[in-house]
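I opened this notebook to keep a record of what I looked up in one structure. The entries follow the order in which I worked.

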Amino acid sequence: MRVLLDTDILLDVALGRSKFFAHSGAVLHWAESEPGEAAVAWHSLSNIAYLLRPDASPFIRDLLKFVEVPTTGTDAAKQATGFPMKDLEDAMQAAAALAFGASYIVTRNIPHYRTSPVPAISAGDFMAKVKSD
């Protein structure tokens, strides 16, 4: 099952956010065991780099061993601006998810994706789904 990992899931692990770490960490562990089944949007990497200053390179380098970065560009950006979503950054995540052929966007911000063309799922619900399949 192909999924796009929203930036918040990645930051939960990178920053060790104790409240969210267990579920988000489990998703990254799943992604590591299923190379090529998870993706991150290109712009998520720059967001992580900015928030993990001074050096996010080790985290990003390790992440890229098992996640994909879907090819997006002008057409995907135009597509994102046309989605009926309030936040352009979330719409860009949705466009990247479409480019990857994702079934879900794994996120903590489910309400932000109510009108997304790719449905959102929480990390906990995703892990329960993986275990039941």
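**Entry 1. Conventions**

I worked on a predicted model, in which local features need pLDDT of at least 70, side-chain atom pairs count only at pLDDT 80 or more, and totals for chains, interfaces and linings use all residues. Residues are numbered from 1 along each chain as its sequence is written, and side-chain values use heavy atoms, with hydrogens and water left out.

**Entry 2. Salt bridges**

I asked how many salt bridges the structure holds. I took a salt bridge as a side-chain nitrogen of Lys or Arg within 4 Å of a carboxyl oxygen of Asp or Glu. The structure holds three.

I began with D12. R17 forms a salt bridge with D12, and their closest N and O atoms are 3.1 Å apart. D12 forms another with R108, where the closest N and O atoms are 2.9 Å apart. I noted that D12 lies in helix 1 (residues 7-14) and R108 in the loop between strand 3 (104-106) and strand 4 (120-121), so this pair ties together parts that are 96 residues apart in sequence. Helices (H or I, at least four residues) and strands (E, at least two) are DSSP runs, numbered from the N terminus.

Next I checked exposure, with buried meaning under 20% relative accessible area, exposed over 50%, and partly exposed in between (1.4 Å probe, protein chains only). D12 is buried, at a relative accessible area of 0%. R17 is partly exposed at 29%, and R108 is partly exposed at 30%.

I then turned to K65, which forms a salt bridge with D62, the closest N and O atoms being 3.3 Å apart. K65 is exposed, with a relative accessible area of 64%, while D62 counts as partly exposed at 40%. Salt bridges that share partners join D12, R17 and R108 into one network.

**Entry 3. Helix 1**

I asked which residues of helix 1 are buried. They are T7, D8, I9, L10, L11 and D12. Helix 1 is thus recorded as mostly covered, with six of its eight residues buried. Helix 1 is followed by G16, whose phi is positive, near 60°.

**Entry 4. Ring contacts**

I searched for aromatic pairs, in which rings of Phe, Tyr and Trp (its six-membered ring) have centres within 6.5 Å; planes under 30 degrees apart count as stacked, over 60 as edge-to-face and the rest as tilted. The count comes to one aromatic pair. W30 and F126 form this edge-to-face pair, at 4.9 Å centre to centre and 80° between the planes. W30 lies in helix 2 (residues 21-33) and F126 in helix 7 (residues 123-132), so the pair ties together parts that are 96 residues apart in sequence. I found both W30 and F126 buried.

I also looked for charges over rings, which require NZ of Lys or CZ of Arg within 6 Å of the ring centre and within 35 degrees of the ring normal. The charged end of R108 sits over the ring of F20, 3.8 Å from its centre. R2 lies over the face of F100, at 3.7 Å from the ring centre.

**Entry 5. The largest pocket**

I used a 1 Å grid over the protein atoms alone: a pocket is an open set of points where a 1.4 Å probe fits, with protein on both sides within 12 Å along at least five of seven lines, and lining residues have an atom within 4 Å of a point. About 160 Å³ of space lies in the largest pocket, the volume being the space filled by probe spheres set on the points, which are joined across faces, edges and corners.

The pocket is lined by 13 residues, of which D6, T7, D8, E89 and N109 lie nearest its centre. Helix 1, helix 3 (42-51) and helix 6 (88-100) each supply at least two lining residues. Helix 1 gives the largest share, three residues.

**Entry 6. Backbone and distance**

I recorded a cis peptide bond joining R53 and P54, with omega about 15°. P54 is found in the loop between helix 3 and helix 4 (57-63). Most peptide bonds are trans.

Last, I looked up T74, which is found in helix 5 (residues 74-82). T74 counts as exposed at 54% relative accessibility. T74 and D125 are 51 residues apart in sequence and 33 Å apart in space, C-alpha to C-alpha.
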